Amino acid sequence: PIDPMSVTFRSATGGMSPSGPVLSRRMSDLEGLFADTAAWQEARDGADPVVYEVASSPVPEAPGELPQSITTIHPGAVGGEFHMTKGHQHPNPQGEIYFGLSGTGGLLLFDGTTPKWIPMSPGVIGYIPPGWAHRSVNTGDEPYRFLAVYPGDAGHDYGWVLEHGMGWRVRRGAGEPQLVPFQSEPV
Ligand code: PA5
Ligand code: NI
């Protein structure tokens with residue numbers, strides 16, 4: 001265990017102070033995620049933009065601890081599909097709490113049978129029950145940022161999402177974001 005501590009959220013950057021590791025995911029790190037492979041390749045071979053960043057607190061991923069992280073998903077879409085995180089399942093099934101900090105997005109959940117969508121904005125608490133894979137999506141035109149708090153021994157299984165999908169894809173629509181079946185071809 002580590003000592004009691006406070007962490008300051010840097011609202012200008014989405015960083016934490018003191019900070020643990022900061023992770024940056026570029027388009028080239030997101031192979032196989034977006035339905036429109038040609039559009040993904042074009043973005044990767046072009047500017048290869050940073051799609052999202054994850055700043056972690058110094059709390060370790062260890063049993064009994066509650067690590068926190070702040071994710072910032074930059075706005076944009078690939079072939080009409082909104083920028084999103086890779087998404088994962090916790091191999092040690094345990095719950096997780098998200099808290100919306102800025103921007104507009106959503107939490108896509110999938111238990112292997114039924115997809116669920118929780119719209120996220122500042123002040124909204126999104127709850128992820130044990131056994132639900134989760135992915136975050138920026139549905140707005142500014143950075144979408146949220147805090148995550150999770151059990152330190154929950155783990156991250158990214159292969160599960162590549163194998164099972166997430167039930168829905170989240171696409172740019174005329175007004176509200178469109179939730180379309182995962183297998184569907186790009187419009
Ligand atoms: O703990 C979480 O669920 C989040 O902090 C995510 O890890 C973060 O949003 C990045 O998503 P992913 O781990 O699916 O790339
Ligand atoms: Ni998680």
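This is a predicted model: local features need pLDDT of at least 70, side-chain atom pairs count only at pLDDT 80 or more; totals for chains, interfaces and linings use all residues.
## Who surrounds the ligand

Let's start with ligand 1. Its shell holds 15 residues, and Tyr52, Thr71, Glu96, Tyr98 and Tyr158 are the closest of them. Sorted by residue class, the shell comes out as 7 nonpolar, 6 polar and 2 charged.

## Polar contacts and burial

Ser69 puts one 2.8 Å from an oxygen atom of ligand 1. His88 has a polar side-chain atom 3.0 Å from an oxygen atom of the ligand, and for His134 the corresponding distance to a ligand oxygen is 3.4 Å.

How much of ligand 1 does the protein bury? On its own the ligand would expose 380 Å², and the protein buries 95% of that.

## The pocket itself

Where does ligand 1 sit? It's in the largest pocket, which has a volume of about 510 Å³. The lining of this pocket counts 29 residues, with Val54, Ser69, Tyr150, His156 and Tyr158 lying nearest the centre. Two of these names have already come up: Ser69 through its polar side-chain atom 2.8 Å from a ligand oxygen, and Tyr158 as one of the residues closest to the ligand.

The elements that supply two or more lining residues are β3 (22-26), β4, β5, β8, β12 (133-138) and β13. By class, the lining splits into 14 nonpolar, 11 polar and 4 charged residues.

Now for the backbone. Going from Ser17 to Pro18, the peptide bond is cis, with omega near 0°. Pro18 belongs to the loop that links β2 (15-17) and β3, and β3 is one of the strands that give two or more residues to the pocket lining.

The other spot to check is Asp48. It isn't a glycine, yet its phi is positive, at about 40°. Asp48 is found in the loop between α1 (37-45) and β4.

Methods
Residues are numbered from 1 along each chain as its sequence is written. Chains are lettered from A and ligands numbered from 1 in the order in which they are written. Side-chain values use heavy atoms; hydrogens and water are left out. A residue is near a molecule or strand if one of its heavy atoms lies within 4 Å of it. A polar contact is a pair of N or O atoms within 3.5 Å; within protein, one must be able to donate a hydrogen and the other to accept it, and residues adjacent in sequence count only if both atoms are side-chain atoms. Accessible areas come from the Shrake-Rupley method with a 1.4 Å probe; for residues, only the protein chains shown count as cover. On a 1 Å grid over the protein atoms alone, a cavity is a set of points where a 1.4 Å probe fits but cannot get out, and a pocket is an open set with protein on both sides within 12 Å along at least five of seven lines; lining residues have an atom within 4 Å of a point. A molecule sits in a cavity or pocket if more than half of its atoms lie within 2 Å of its grid points. Ala, Val, Leu, Ile, Met, Phe, Trp, Tyr, Cys and Pro count as nonpolar, Asp, Glu, Lys and Arg as charged, and the others, Gly among them, as polar. Grid points are joined across faces, edges and corners, and a volume is the space filled by probe spheres set on the points. Helices (H or I, at least four residues) and strands (E, at least two) are DSSP runs, numbered from the N terminus.
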